[in-house]
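Me: I should like to learn how to read a structural model step by step. May we begin with single residues and then turn to helices, strands and chains?

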Amino acid sequence: MIYSASLNSNSYSFFEKLKAVDYFLIIIVAIIGSISIFSIYSTESGNFSFYTKNHLTRFLVFFSMFLVLSFVRVSVWYRQAYIFYVLGILLLLLVIFFGISASGSKRWINFFIMNLQPSELMKIAIIVCFARYYHRIQSSDIQSYKYLLQPLILLLIPCYLVITQPDLGTAILIAGSGLAIIWLAGLNLKYFIYSGLILLVSLPFVISILKPYQKSRILTFFNPDRDPLGAGYQIIQSKIAIGSGGLLGKGFLQGTQSYLEFLPEKHTDFIFTLFSEEFGFLGSMVLILLYALLIYRIIRIGSSSRSFFAKLYCFGFASALFLYIFVNIAMVVGLLPIVGAPLPIMSYGGSSMLSIMLGLSIVMSCKIYSQDPIGN
Amino acid sequence: MIKKTGNLNKNKIISRRLFVLVVAKIGLLGIITSRLYNLQISQKQKYEVLSDKNRIREWKTPPQRGIITDYFNNIIADNQRVYQVHLSLEEVTNFNNSIFKLKNIISLQEDEIKKIYERKEKSKPWDTLIISENLSWKEFSKLNLYLHELEGAKPVLSTSRYYPYSNDLVHVVGYVGDATTQDIQNKKKVEENFVPGLKVGKIGIENSKDTELIGSHGTKRYEVNASGKKISEISYNKETKGENLRTTIDLEIQQLAQELLKDQAGSICVMDIYTGEVITMASSPTYDPNKFTHGISTNDWNKIKNNRLRPLLNKSVAGLYSPGSTLKPLVALAALEYGIIDTKFKVNCKGHDHPYELYGERYHCWKKNGHGLMSMRNAIKQSCDIYFYEVARLLGVDKLSLITKRYGLGSKVLEDFFSEEKKGIVPSTKWKKQVLEQSWYLGETVITGIGQGYIQTTPLQLCLMTAQLANGGYKIKPNLIYDKEIDLDIIKSKIESEKNKSVSQNILKDQEFKYYERLYRNPNNLKLVLDAMYGSTNEQFGTSFRSRHKEDKYKFAGKTGTSQVKRITDKDRELDLDLEEIEYKSRDHALFIAFAPYDKPRYSLSVLIEHGGSGSKAAAPLANKLIKKILDRHELREKIRKDLKNIA
């Protein structure tokens with residue numbers, strides 16, 4: 001009560017808001033965005049055509065959206081959190097009936113201006129939803145079965161819907177983001193250990209229900225030379241591209257692996273491979289450092305936020321972002337099986353860009369309205 | 001307050017949990033960093049190689065063969081522009097369809113199509129298949145007209161071997177053909193430079209000088225994309241053309257020789273008696289080597305193979321014949337050198353009624369009425385058999401064999417130059433024991449004395465023998481490829497110094513001679529023999545008197561010979577049939593050896609006509625025409641020799 005009285009939410013002047021904006025974060029996003037545009041440009045062998053144009057447009061549109069939505073009050077996000085979640089679930093259900101199929105999976109809905117991938121939005125929705133959910137719960141209550149089961153169900157529904165598309169990669173990312181918040185909220189360590197053990201025990205069963213192509217991907221991960229021209233092709237070529245980049249890389253537009261079309265999906269999941277081939281170890285380190293700075297900034301915003309919602313959201317989003325980046329890079333360097341996960345901002349793809357920018361705008365909103373107590 | 005402490009507690013939990021997450025993140029980032037380090041720094045080279053392997057593909061380009069010329073720089077084996085059609089397999093969607101379309105535009109035989117399919121099986125998807133190596137201009141222009149309908153088909157201008165004097169030189173130059181697995185295994189140079197479609201020498205100079213002629217293949221490196229399509233040329237290591245070769249052959253004399261041999265089976269060899277340069281090596285009949293370049297048709301092959309005059313046999317080096325009377329100068333020389341006879345030694349030839357008798361066997365002279373009392377000079381000149389029966393008996397086969405070998409018989413003339421070259425046989429008692437495991441009979445010595453019996457020689461050996469007699473008895477080095485190391489002036493000065501050298505006691509013992517070393521004991525013996533050969537051609541009753549040149553500058557000396565194909569029976573002798581009345585296969589081979597000009601010998605030659613009858617009638621007349629041509633071209637050849645020496 002004391003806090004809310006001293007700082008009325010309406011007391012923010014426009015000038016104060018502008019002052020509160022984290023410009024450093026915006027600059028990092030802009031830099032990564034520029035790198036991504038040049039990388040997509042390179043996938044088209046230095047032609048300013050389809051992919052580059054699309055990517056540039058999307059980045060500009062969603063980046064602007066990020067800046068504008070940053071000024072939406074964090075309390076609005078708090079209040080609409082469940083609606084956001086329900087909307088996500090509805091869109092996922094919509095995919096089942098009206099979705100567009102591509103290469104064997106049904107993930108998209110045609111929204112005329114773009115093909116929306118609801119599972120990407122769900123990645124943010126689950127974080128917002130869980131942040132709100134745990135915002136109110138006392139730390140002493142968290143361990144109760146009620147508060148254990150409810151979020152579990154909230155998490156399993158979208159995961160199930162996404163797995164059946166099928167899209168294992170996104171499902172893992174959604175699950176990972178959700179679990180990160182549950183972890184942050186303080187759920188007893190033993191539950192994580194137990195569920196980890198259960199997962200391990202049920203692994204053979206899980207593998208048996210996997211689709212043949214998913215199985216082959218996992219087998220290929222352990223031995224890419226098993227089928228060098230089939231399932232192992234992508235990872236072998238990706239490693240060749242990255243490895244041949246060396247310390248300084250082959251130079252901008254000089255990546256032979258991608259230029260000569262040895263790299264599959266170079267616009268999307270393998271964009272890091274292309275970047276790493278052209279800019280080498282140093283370039284890759286710079287990019288990873290930029291991502292690390294981005295995550296650090298988000299965590300800092302979370303730390304300086306007053307509300308649990310903002311804290312949980314920022315930490316959760318930072319963890320999710322880290323998870324996306326880690327899974328993608330680990331995948332293309334051959335540390336994880338190819339599951340299909342885009343690299344935030346870098347990868348070509350509207351829905352991914354939309355969800356990341358949306359997520360960032362909530363982070364910025366947390367920063368601008370950091371002292372907002374949010375209805376207790 | 002409870003709430004506040006609860007909130008504080010919650011804050012604490014979140015911070016602690018966040019700390020764990022951040023530590024985990026840093027750990028995971030560490031893993032990624034070390035992985036990238038491992039790929040990009042530690043294993044960089046491995047992946048660079050893999051990347052290059054990915055993107056670079058090599059195409060080998062065939063080298064051009066070296067050109068072969070005669071002594072006067074006339075091209076006798078050339079590279080000719082040919083029109084070809086290649087099929088780039090990566091651009092072909094339906095192979096059967098493409099072949100069907102091509103079949104309608106260019107004429108492709110069923111067996112050719114079969115071969116194309118066989119080759120396609122062995123090709124890689126990005127290879128180019130040669131559909132036709134040698135299109136006519138008409139076919140080629142038609143192909144270009146329909147090119148838009150033929151995906152992957154490429155009209156190509158290429159070069160292939162061409163022999164402008166087709167038949168005339170096939171036995172010298174040989175021919176080329178596709179490299180077989182055997183060729184690749186046997187010839188290192190072929191293996192190193194193998195390119196699909198590479199032609200290699202099969203016989204003749206093309207075969208023996210393949211290493212020089214082939215050259216080195218080029219390498220084109222292309223950047224290719226994932227589906228193997230060429231994107232750009234990275235480097236082109238140009239192929240190097242094979243060495244050009246100058247032979248010692250005189251094209252004009254060779255052509256004349258082939259013309260003289262036309263429609264007959266036989267051989268003509270001409271050699272420089274000092275330099276050992278083979279000026280002509282004609283063998284008849286011939287065949288067209290151009291037919292082999294792109295694979296000979298079964299029909300053409302059968303025609304060549306079934307010709308009873310055996311065109312494929314290079315008679316100059318691979319045909320074996322008894323030397324007949326052409327051996328007589330050597331028999332006389334041997335007897336003189338060993339001091340068995342002197343110039344006054346005479347034998348009476350009394351005709352068929354009184355043949356030479358030895359242990360009850362009777363040996364006849366070819367002349368029915370006999371020659372009468374024969375001295376050595378007359379015996380060579382008139383080719384009296386009885387005289388040489390007696391000389392051979394006195395000399396013994398082993399001494400004869402030794403001298404015969406010394407002057408070039410019984411071993412290969414051009415060493416390994418022609419794979420088909422034969423050594424021939426120079427019999428001796430030892431030889432018979434070793435090879436036939438029988439003892440030698442004196443009767444066999446007697447017939448060896450007139451060049452019949454076991455003795456077998458090639459026409460080129462006879463030519464070399466004549467050369468080494470005519471040059472005064474010096475060993476020379478026969479050769480077919482111009483060699484600047486072989487210098488006439490040096491040879492002549494070497495011979496001059498040999499002439500004045502005192503002869504060792506062992507000169508008549510079996511020994512190896514170096515090039516240009518003297519082979520004789522007493523120069524007068526040789527002079528006598530050569531003079532007798534002069535008589536044989538230029539004096540009445542000489543066996544080649546009718547083939548002589550009256551003009552001084554063309555005067556030559558020679559010796560006829562008749563090589564018996566089968567033993568002459570008493571019945572044959574009684575019948576005394578004309579040549580035309582004898583079955584072809586049973587007719588004698590006609591031989592003639594000669595050197596010219598007589599006063600200053602420079603060239604030797606041998607003529608052989610298979611089943612031509614007597615040497616004086618069938619072989620010697622050809623020498624007449626040849627020698628005129630050879631001597632007419634002497635000045636020109638000497639001029640070229642000087643030019644070549646100056647260049648060197």
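Me: In which loop of chain B is P285(B) found?

Reply: This is a predicted model. P285(B) is found in the loop of chain B between strand 12 (278-284) and helix 12 (290-293).

Me: What is the form of the peptide bond from S284(B) to P285(B)?

Reply: Most residues other than glycine have a negative phi, and most peptide bonds are trans. The bond from S284(B) to P285(B) is cis, with omega near -5 degrees. In chain A, the bond from Q165(A) to P166(A) is also cis, with omega near -5 degrees. P166(A) belongs to the loop between helix 7 (145-163) and helix 8 of chain A.

Me: What is the phi of L253(A), and where does this residue lie?

Reply: L253(A) is not a glycine, yet its phi is positive, about 70 degrees. It lies in the loop between helix 11 and helix 12 of chain A. With 14 other C-beta atoms within 10 Å, L253(A) is partly exposed.

Me: How does the span of helix 3 of chain A agree with its number of residues?

Reply: The expected span is 1.5 Å times one less than the number of residues. Helix 3 of chain A (residues 23-43) has 21 residues and should therefore span 30 Å; its end C-alpha atoms are 30 Å apart, which agrees. S45(A), which follows this helix, has a positive phi near 55 degrees.

Me: Which residues of helix 3 of chain A are buried, and what covers them?

Reply: An α-helix has 3.6 residues a turn, so residues three or four places apart point the same way. Among the buried residues of helix 3 of chain A are L25(A), I28(A), V29(A), I32(A) and S36(A). Their cover includes helix 4 (50-69), helix 12 (256-259), helix 13 (271-304) and helix 15 (350-368) of chain A.

Me: How do helix 6 and helix 14 of chain A cross?

Reply: The axes of helix 6 (residues 118-136) and helix 14 (residues 308-332) of chain A come within 8 Å and cross at roughly 145 degrees. The crossing is right-handed. Residues making the contact include I127(A) and F130(A) of helix 6 and L312(A) and G316(A) of helix 14. By class, this contact has 11 nonpolar, two polar and two charged residues.

Me: In what order do the three strands of the open sheet in chain A stand?

Reply: Strands of a sheet pair through backbone hydrogen bonds, either parallel or antiparallel. In chain A the order is 1-2-3, and the pairing is antiparallel. Strand 1 (100-102) and strand 3 (115-116) stand at the edges with a single partner each, so one side of each is left without a neighbour in the sheet. Strand 2 (residues 105-110) is joined to strand 3 by two bridges. One bridge pairs I109(A) with L116(A).

Me: How many residues of chain A are in contact with chain B?

Reply: In chain A, 34 residues are in contact with 33 residues of chain B. Helix 14 of chain A supplies the largest share of the chain A side, eight residues. By class, that side has 19 nonpolar, 12 polar and three charged residues.

Definitions and conventions: Residues numbered from 1 in each chain as written. Chains lettered and ligands numbered in written order. Predicted model: local features only at pLDDT ≥ 70, side-chain atom pairs only at ≥ 80, totals over all residues. Axes fitted to C-alpha atoms, helices over the stretch in contact; angles between N-to-C directions. Helix = DSSP H or I, 4+ residues; strand = E, 2+ residues; numbered from the N terminus. Left-handed = near helix turned anticlockwise from the far one by under 90°. Contact = placed C-beta atoms within 7 Å. Nonpolar A, V, L, I, M, F, W, Y, C, P; charged D, E, K, R; others polar. Pairing = 2+ DSSP bridges. Buried ≥ 20, exposed ≤ 12 C-beta atoms within 10 Å, placed from the backbone.
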